[in-house]
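This report looks at a predicted model. It takes up the aromatic rings and then the nonpolar cores.

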Amino acid sequence: ACAPQVASLLSFTVGTDTALLRTEIDKLAALAGDRDDITEADVQAVATRSTEYNIFQMVDAVVAGQQGKAFALLRDMLQNGEERLGILAMLLRQFRLMQHIKIMQYEKVAVPAIKQKLGVAPFAADRMMRQAAGCSGGEIKQAVDICLQTEYKVKSGQMNQEGSLEAAMLQL
């Protein structure tokens, strides 16, 4: 059996590709063995992490001031074949959603309505709310600006794609 919050964590961690989810569920069932339940610890121990999950981890590290961890996650994603501009776009999306959270909080929108308006899975919305709480509105705006400027410089030929994301992360 799998509690709803564990299923949500699995979907958030792995992504929504049904073939991959099936493989991950088979791995979790083998890990659980004779146990009746699959736990969050099981998911964290064996599930293959999606790029989106790794982006959340990276933003967590940036918000917590753990630059070494953020760069280690970046290195892993690049070694797994992710493109710098793709990662940058996902970081930008994450910071923009955090900016939307801050704006809605300023406008006194209720938490359930904020989560609904984000248009992401409940587990992801909870995590974004925590990330946004760790930053000021100004810090989040600065992160959005850094991502936008880096993307513009790469696409306009002012900056080489190689090293662009690393330079942006040093500013975050």
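How many aromatic pairs does the structure hold? It holds three.

## Aromatic pairs

A pair of aromatic rings is described by the distance of the centres and the angle of the planes. One of the pairs is formed by Phe12 and Tyr53, which are edge-to-face, with 5.6 Å from centre to centre and 70° between the planes. This pair links distant parts of the chain: Phe12 lies in helix α1 (residues 4-14) and Tyr53 in helix α4, 41 residues apart. Both Phe12 and Tyr53 are buried.

Phe12 also pairs with Phe123; the ring centres are 5.1 Å apart and the planes are at 50°, so this pair is tilted. Here too distant parts of the chain are linked, as Phe123 belongs to helix α8 and is 111 residues apart from Phe12 in helix α1.

## Burial and the cluster

Phe12 has 5% relative accessibility and therefore counts as buried. Phe123 has a relative accessible area of 22%, so this residue is partly exposed. Phe12, Tyr53, Phe56 and Phe123 form one aromatic cluster.

## Nonpolar cores

The largest nonpolar core has 35 residues, of which Met58, Ile87, Leu91, Phe95, Leu118 and Met128 touch the most other members. Helices that each supply at least two residues of this core include α4 (51-63), α8 (122-133) and α9 (137-155). Helix α6 gives the most, with nine residues.

Leaving aside neighbours within four places in sequence, Met128 is in contact with Phe56, Gln94, Leu97, Met98, Ile101, Leu118 and Val120. A second, separate core has ten residues, among them Leu28, Ala32, Val43 and Ala47.

Definitions and conventions
Residues numbered from 1 in each chain as written. Predicted model: local features only at pLDDT ≥ 70, side-chain atom pairs only at ≥ 80, totals over all residues. Heavy atoms only, no water. Core = buried A, V, L, I, M, F, W, Y, C linked by side-chain atoms within 4.5 Å. Buried < 20%, exposed > 50% of the residue type's maximum accessible area, 1.4 Å probe, protein only. Helix = DSSP H or I, 4+ residues; strand = E, 2+ residues; numbered from the N terminus. Contact = heavy atoms within 4.5 Å. Phe/Tyr/Trp six-rings, centres within 6.5 Å; stacked < 30°, edge-to-face > 60°.
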